[in-house]
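Trainee: I would like to learn how to read a model like this. Can we go through it feature by feature?

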Amino acid sequence: MGRLTPSATRAKIIGMPHTSRDTVGRRELLGGAIAGGVALLNDTVLAQNNPAAQVLDTAASVKITAMRTHRVQHKVYVELETSAKVTGWGEVSALVPTAAEELTKALFELLEGENPTRIEYLWQKLYRAHRDIRGGPFMCHTLSGIDMALWDITGKLWGVPVYRLLGGPTRDKVRIYPSAKSHKAPPGDVYEHAVNPPDVDKMVRMIKSARDMVGPDGAVMFDAHCAVPPAALLQFAAAIKAYDVLFIEEVAVPGNIEAFKRLKEQIKIPLATGERDHTIWEFLPYLTERAIDVLQPDVAHCGGITQMHKIAMLAEAYNVPLAPHCTTSPLGATASLSVAAAIPNLLIHETAPGAIEWGERFMNLPWVADRKLGWGSLPQGPGLGVEIDRQKMAEVAADPKYKWKWPQMRLKDGSIADY
Ligand SMILES: [Mg+2]
């Protein structure tokens, strides 16, 4: 009697026709014992008592049917429609809005007819579609907005908040800033390499007043914003030792690992960065080079919920906490809080009250910010839990007050400054 070949076994178990003459011949020769064994295995795989067979995947046949983009001043909102009449929303932020809108629209060609719940697959499909724009800010910010919409749809289809899809909540509430207990001082200016004592004093005074404001048990942070040259940072960091600063943010431009390493050796206050970095591949060198103490991915910049969650996992392996950067409206902020709610390594989460209030003109905020004590509640789903009022959104979009302009920073001698 012929033995059942592995390929024939596999074909039978998954119910595929197998046309090889040799295999057909063997199949005809199958004795009762072997055939019975395969049938038993087959039955076991498909049986009602197999837990996998009992999962009703209500999203398996859902398709993406349409995309609408809404340019609202400096932002683009992505609206993805599905055959299940479930709509997902995402926020594309911090790009030239006209270009962002066109790129978003162009990417729909890769999404149409796809199952929106295959988020990782679709992320890869979009990210790897064009080898020459892969990984850059235009691709990653746009992909972030689309990724948020996919998670929103998936949460809505299964009737759960997005953080439930990320492994469930790791905390009951999220520590946020700014609040009466947490304040991040800005650099206050762009500074020359030949910084002088009054400039350093100005920054130190901001730290002192922040500490006075939040009290001894509050959190004081400083955002150097790439606007403070290394020599000035060293003087400044030495002068603020007494104020117990949680971290100094963006001491150097993104990706300048050598500058981060050099400053980390000389500054004894934790350093943070990440708001302008994209994907796990740009975050990894900070970790492997031991160049950073706190990572600050922005969910709307780094590649969406999908990437922010992976960045948190990378950071966890290096015992580095996240302090997510977040200057988005309620939609993007909720996407970020959803990740923060589900990761183990969260330090503190930024929120931008101005951007939240701006967005609340046409959408709800599905979580509560306690600005007195510095806590945010977990977002209420399903999905991201944000509903957009299209009429009000159109009114805000038409408001000329917030017309997008190119930022420009200059030093006193007229040269161009980073900021
Ligand atoms: Mg910053």
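The dialogue below takes up the metal site, the cysteines, a sheet and a helix pair.

Mentor: Some ground rules. This is a predicted model, where local features need pLDDT of at least 70, side-chain atom pairs count only at pLDDT 80 or more, and totals for chains, interfaces and linings use all residues. Residues are numbered from 1 along each chain as its sequence is written, and side-chain values use heavy atoms, with hydrogens and water left out.

Trainee: Which residues coordinate the magnesium ion?

Mentor: Donors are N, O and S atoms within 2.8 Å of the metal (3.2 Å for Na, K and Ca); water is not among the atoms, so sites may look incomplete. Here D223 (OD), E249 (OE) and E275 (OE) coordinate the magnesium ion at 2.0 to 2.4 Å. Their spacing along the chain is D-x25-E-x25-E. D223 lies in strand β6 (residues 219-223), and E275 in the loop between β8 (271-273) and α12 (279-288), 52 residues apart. Helices (H or I, at least four residues) and strands (E, at least two) are DSSP runs, numbered from the N terminus.

Trainee: Are D223 and E275 buried or exposed?

Mentor: Buried means under 20% relative accessible area, exposed over 50%, partly exposed in between (1.4 Å probe, protein chains only). Both D223 and E275 are buried.

Trainee: How many disulfides are there?

Mentor: A disulfide is a pair of cysteine sulfur atoms within 2.5 Å. The whole structure has 0. Take C140: its closest cysteine sulfur, in C302, is 8.3 Å away, too far for a bond. C140 counts as buried, at 0% relative accessibility.

Trainee: What is the strand order of the open sheet of 4 strands?

Mentor: Strands of a sheet pair through backbone hydrogen bonds, either parallel or antiparallel. Two strands pair if DSSP finds at least two bridges between them. The order is β10-β4-β12-β11, with mixed pairing. β10 and β11 (369-370) stand at the edges, each with a single partner strand, so one side of each lacks a neighbour in the sheet. Strands β4 (residues 173-177) and β12 (residues 375-377) run antiparallel, joined by 3 bridges. K173 has S377 as its bridge partner in β12. β4 pairs with β10 (residues 349-350) in the parallel sense, over 2 bridges.

Trainee: At what angle do helix α13 and helix α14 pack?

Mentor: Two packed helices are described by the angle between their axes and the distance between the axes. Axes are lines fitted to C-alpha atoms, for helices over the stretch in contact, and angles run from 0 to 180 degrees between N-to-C directions. α13 (residues 304-317) and α14 (residues 330-340) pack at about 30 degrees, with axes 10 Å apart.
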